[in-house]
Amino acid sequence: MNLSDLQKQLLVLLSDGNFHSGRELAEILSSTRAVIWKQIKGFKRLGIDVAAISGKGYRLPYPMELLDETCITRNLAHEVKALLSILHIHYEIDSTSNYLINDATATSGTVCLAEFQTAGRGRAGRDWISPFGTNIYLSLLWRFESGVASISGLSLAIGVAVMRALNRYRVAGIGLKWPNDIFYNDRKLGGILVEVRGDILGPCTVVVGLGLNGQVPSGAGSLISQPWVDLEQILGSARPERNVLVAQLLNEIFPIISKFDEIGIEAYLPEWRDWDCMAGREVSLTLGSQKIRGRVEGIDDQGMIILQTGIESRQSFASGEVSLHIDRPHEPIA
Ligand code: BTN
């Protein structure tokens with residue numbers, strides 16, 4: 001069941017985070033107080049706990065900056081506007097990446113954003129918890145003529161693009177965890193999922209999916225299975241506006257993806273290495289049912305992770321899940 005038009009209008013009115021009486025909302029939306037109440041009750045399904053206080057009215061748990069196409073496109077660089085094919089913005093969708101994967105007619109440069117995902121997907125078959133209205137769920141489709149081999153390492157280059165966008169805010173402690181995580185002081189701030197359909201040699205289609213935590217509500221946070229952090233905790237009131245950040249991310253991702261089959265990963269390796277927050281650390285790499293322990297030596301020229309697994313033994317791995325060996329448990333951020 002999707003959000004009704006009335007619910008969308010209500011969310012816009014309530015997005016300022018202030019109290020609005022049922023009477024006021026009914027008047028503006030040419031409805032009745034009973035209908036407004038019924039619609040607001042429906043927000044529970046999205047994980048939005050609306051405060052309903054008699055004498056005051058309704059209030060969202062926090063102000064929400066809803067996604068806004070005009071604001072996003074206004075902040076796009078000139079050359080990125082030319083590369084953007086269509087920008088789809090959904091209030092609710094199963095997964096922005098699924099949406100693009102299933103769109104056989106989508107052309108390179110199609111972008112899908114959503115306020116809420118009912119079946120957000122992460123790497124290794126994990127769910128991506130996607131609460132309403134506060135984080136970024138962004139997918140971008142690109143078609144390459146040259147085959148899967150020519151885009152090897154693309155997901156690392158997308159990590160560099162995300163870091164370039166976030167680096168405007170000069171956050172100490174932010175970095176990349178191989179292969180595709182955005183990390184802040186050993187907690188996950190975001191993740192990238194690159195999915196490829198097509199031929200080893202022939203044309204292929206890539207959907208890049210990015211999830212970035214802006215302000216994770218506590219209810220949703222308790223569902224995330226690994227230590228996490230959001231921009232609100234890191235930057236507080238200096239947190240960028242969501243629409244502006246979406247545009248800044250696209251401004252960095254488009255120039256990289258649109259030329260990746262010509263340029264390749266080499267050009268991005270030095271920057272990736274500068275942002276590597278695992279280098280020198282003791283980790284376990286899970287590869288299927290195998291667990292390999294070692295010290296991270298960085299990434300090689302193909303973007304594989306290098307582990308020192310013994311006194312004289314080094315091994316490179318193309319895939320796997322890296323988890324840190326930390327002796328003490330994570331303490332909550334104050
Ligand atoms: C990871 O596990 O670290 C990757 C997470 C990728 C999540 C994003 S949110 C937008 C896009 N849609 C999805 O269903 N997944 C990706």
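Helix axes here are lines fitted to C-alpha atoms over the stretch in contact, and the angle between two of them runs from 0 to 180 degrees between N-to-C directions. Keep that in mind for the first stop, and remember that this is a predicted model.

**Stop 1: two helices**

Select helix H7 (residues 154-166) and helix H10 (residues 242-258): their axes come within 8 Å and cross at roughly 140°. The crossing of H7 past H10 is right-handed. Now show the side chains. On the H7 side, look for residues including Leu-154, Ala-157, Ile-158 and Arg-164. Their partners in H10 include Leu-245, Gln-248, Glu-252 and Ile-256. Sorted by class, this contact has 12 nonpolar, one polar and two charged residues.

**Stop 2: aromatic pairs**

The model has five aromatic pairs. Begin with Trp-37 and Tyr-58, a stacked pair with 6.1 Å centre to centre and 10° between the planes. Trp-37 belongs to helix H3 (residues 33-41) and Tyr-58 to strand S2 (residues 57-59), so the pair links distant parts of the chain, 21 residues apart.

Next, select Phe-116 and Phe-132, which form a tilted pair at 6.4 Å centre to centre, with 40° between the planes. Phe-116 sits in strand S4 (residues 110-117), and Phe-132 lies 16 residues away in the loop between S4 and strand S5 (136-144). Both Phe-116 and Phe-132 are buried.

Terms used. Residues are numbered from 1 along each chain as its sequence is written. This is a predicted model: local features need pLDDT of at least 70, side-chain atom pairs count only at pLDDT 80 or more; totals for chains, interfaces and linings use all residues. Side-chain values use heavy atoms; hydrogens and water are left out. Rings of Phe, Tyr and Trp (its six-membered ring) pair if their centres lie within 6.5 Å; planes under 30 degrees apart count as stacked, over 60 as edge-to-face and the rest as tilted. Helices (H or I, at least four residues) and strands (E, at least two) are DSSP runs, numbered from the N terminus. Buried means under 20% relative accessible area, exposed over 50%, partly exposed in between (1.4 Å probe, protein chains only). A crossing is left-handed if the near helix is turned anticlockwise from the far one by less than a right angle, and right-handed if clockwise. Contact means heavy atoms within 4.5 Å. Ala, Val, Leu, Ile, Met, Phe, Trp, Tyr, Cys and Pro count as nonpolar, Asp, Glu, Lys and Arg as charged, and the others, Gly among them, as polar.
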